[in-house]
Protein chains: 2
Amino acid sequence: MGSECRAKRVLSNVKPMDKRHSYHMTPEEFRAAGNAAVEWVARYLEDVESYPVLSQVEPGDIRSSLPAHPPKTGEPFEAMLHDLDEIIMPGITHWQSPNFFGYFNANSSAPSILGELISAGLGSQGMLWATSPAATELETHVMDWLVELLGLPDLFLSTGSGGGVIQDTASSSTLVAILAARERATGFTTNDTGDLGHLTAYTSGHAHSSVEKAIRIAGIGAANLRLVDVDEEYAMQPEHLERLILEDIAAGKTPAVVVATIGTTSSTAIDPVRRVGEIARRHGVWFHVDAALAGSAAVLPEMRWLNDGAELADSYIVNPHKWLFTNMDFSALFVADRAPLIKTLSILPEYLRNQATDSGAVIDYRDWQIGLGRRFRALKLWFVLRHYGVEGLQHHVGEHLRLARLLTGWVQDNPDFELAAPVTVNLVCFRHVGGDEVNQRIVDTVNASGKAFFTHTKLDGRLTLRMAIGQTYTEERHVRRAWDLIVDAAL
Amino acid sequence: MGSECRAKRVLSNVKPMDKRHSYHMTPEEFRAAGNAAVEWVARYLEDVESYPVLSQVEPGDIRSSLPAHPPKTGEPFEAMLHDLDEIIMPGITHWQSPNFFGYFNANSSAPSILGELISAGLGSQGMLWATSPAATELETHVMDWLVELLGLPDLFLSTGSGGGVIQDTASSSTLVAILAARERATGFTTNDTGDLGHLTAYTSGHAHSSVEKAIRIAGIGAANLRLVDVDEEYAMQPEHLERLILEDIAAGKTPAVVVATIGTTSSTAIDPVRRVGEIARRHGVWFHVDAALAGSAAVLPEMRWLNDGAELADSYIVNPHKWLFTNMDFSALFVADRAPLIKTLSILPEYLRNQATDSGAVIDYRDWQIGLGRRFRALKLWFVLRHYGVEGLQHHVGEHLRLARLLTGWVQDNPDFELAAPVTVNLVCFRHVGGDEVNQRIVDTVNASGKAFFTHTKLDGRLTLRMAIGQTYTEERHVRRAWDLIVDAAL
């Protein structure tokens, strides 16, 4: 085949290196730089309240401070920390500030940060069981722990037919669930033929945008996603869902998936999971439940009513990276039956074959996700669960719920404001009674002050202020001050 | 709407907490634990050679050592480090061992690990420019630096119509490129209608399995993926590609995407990118180039022949997390025109609207990827580029190439072995002349010894040994010993 010749020709282009020294940090240099980095993070967490929450830079400000070209020669670590302070920090919106109330939180914690550090240090790649058995088995284990911690149905335990897997975001979790639903609905033929038949999908107009995005990606088409009506509390109306399904069946369509939400993004509305699940079951439709934010509240037994009916779900997601003190990325996807998921996402080329995989005795998580490579993310949740213990997590999540209730009361007690939606967990939706213009001014004024940050949505076409209370270090005084700022901005 | 009543009812379920203390680490506790974690990583990197490269545990060994239930109360950080050593480490396959030659490497470095630490410490979430302008602008900037560093076509610079974005893995990069191709081929209607028409796709049988996986996910169907013949060096045959495209057009199909590979997974074969690209252009087909592994070699000017023709690509990927000292995850996706990618993946719900987005003056990277949330991954590549400088990266990548050439010579000089494919970059494919059984014994014996780890593939139906030389700390002595082990195992 003449490959020897080609090989020689190709590689002879590479000049031998004269230098034989190494550019790597020595272990001693790593210790010094590492301790400096830890000190930097420690100071950041001490000082985080002093930064404007929302970055105040203009587009292009950061880039214009950076050199146009990559450096020819190496620089000391101190130079990077210096530029981090001088160039990068003004462009950071401080998600870990206790004054951050925007979107849904992406909270974090010290043990999680250190889990990420050790995971990066190990640099193991857990695409297959064999490529780091501990990464796979610890993942399976902490996902089972999570089922217990949140009182989720035993169906989701790996010890039965189900199991959990870590995804990067809820969008990816929802996508792989919808792909499995697509394949099941077409007798596992679409992967091969691309023939989607006439699949339809169902969710409420208040579901997260990732549902529509997944429907697009999967080739089902947004036009085949039915938006089910919601009630006056923005929760899905099951009667309408069933009517849509029946209409589609009558029209020759194949309903493939229903997505219900426990805690919608706009207002944390809780879809009636049990009734929706019963309808999905009745028609043989995959039932996916998105509890990405609100699911963490179930760490408190008194909040487990949220998951009523979750045992009817084929798949379920909760994101510890939102409200369980585990830094991005960590979305937990559970399935009641892992077989259709694996059947949908598995491909086994020769170069990935190994004895453990061939034995069928192990989990290869690459078959549970879009990507092949995987970081060792179980470590950080393991550290979080062990550092806080169940009681610590219950305490802090419970405290966030208490603060949300407190804020709810302040809103209710102020005649200039009104609640805009039920407060089901840690998000308070409210508005000034003066209309959209006043409310927009409130958002802009408070966020521009840098003293607190929150975001908006629209409910019934009206601008609505949202305060999500879930940052790790948020205490009553922060919520109080944010509320005072809002009241003042309305004057 | 009665929401006040509902809110009160719902939240009154939450018991007020009696305890008011915090379970969080104090900054002082974080400093102590952080320094212990840095020390742990430093020692790991010092001792990594002493571990068996391939974990020697049996399925279930790790889980059986873990407590069945999550802890009720918190534990000290020392307990986690203790269990890391005692329980987790035996189950780690050491990708950062200099004796790791399996798959393609996923190498790392000290500055990258510290970039990951600081990114986790900041905990910013860069889904939108506004949610951390520095995360977005540094990403755009280092991706432009990467274009310069690797001598990639200017088309991929953000300053023109193109640009780069960080994805978690090459699988995701390829998926979003294929989605953009799908939409462009259908006049941007498939997202909405789900009508894929009769799309076809093209790649060689030696392309990575992620191409077929993406074709499945996108709903195009594996049956519509044409596998183009390869030549005797496992590179795509452009004549066959054009014949397949013409046949499909004649049959009423719509060719949507061609994927060429610079450095296939089995043998780092280099598809003739220029000729393939010319054919794709001629027929108006999206041209995607996968240089996930080999692309990093272009840090050396003398290796830039690899990318000949890359200016014809609509999209191109290279993974710094494979061979550019940047720990997982960091796959760099470049597009020549960002408009179709954004048009394909963008959805803008009200709760994500903001002035900067509405102005159109900024990049919101959520529109360039599957997920919504994003970690601040640009930081670690920034640290790597600044620590090593261009010359440091050139030195170490060049050294890996030198070692691959050295090993190639040893194989050629030993009459019991033969090269199985051209050595184009840092992967050497070879086999013992004694047949599959002998070669399987070599793999099994060496990997079971724990002294080195490498993997296999099949070429022309014959078992082939693969040694990828790209781990950060691999030196000549490691390659020498691995080769000695292989020769001994064959006796």
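The model is predicted, with local features needing pLDDT of at least 70 and side-chain atom pairs counting only at pLDDT 80 or more, while totals for chains, interfaces and linings use all residues. Residues are numbered from 1 along each chain as its sequence is written, and chains are lettered from A in the order in which they are written.

Select residues 170-185 of chain A, which form helix H6 (helices are DSSP runs of H or I with at least four residues, numbered from the N terminus). From its first C-alpha to its last, H6(A) reaches 22 Å, close to the 22 Å expected (1.5 Å times one less than its number of residues). In H6(A), 16 of 16 residues are buried, that is, with 20 or more other C-beta atoms within 10 Å of their own, C-beta atoms being placed from the backbone. Just after this helix, stop at A:Gly187, where phi is positive at about 65°.

Next, select H6 (residues 170-185) and H8 (residues 209-217) in chain B, which pack at about 45° with their axes 9 Å apart (axes are lines fitted to C-alpha atoms over the stretch in contact, and angles run from 0 to 180 degrees between N-to-C directions).

Finally, show both chains: 157 residues of chain A are in contact with 157 residues of chain B, contact meaning C-beta atoms within 7 Å. Helix H14 (residues 378-413) of chain A gives the most to chain A's side, with 18 residues.

Terms used. Helices (H or I, at least four residues) and strands (E, at least two) are DSSP runs, numbered from the N terminus. A residue is buried if 20 or more other C-beta atoms lie within 10 Å of its own, exposed if 12 or fewer, and partly exposed in between; C-beta atoms are placed from the backbone. Two residues are in contact if their C-beta atoms, placed from the backbone, lie within 7 Å.
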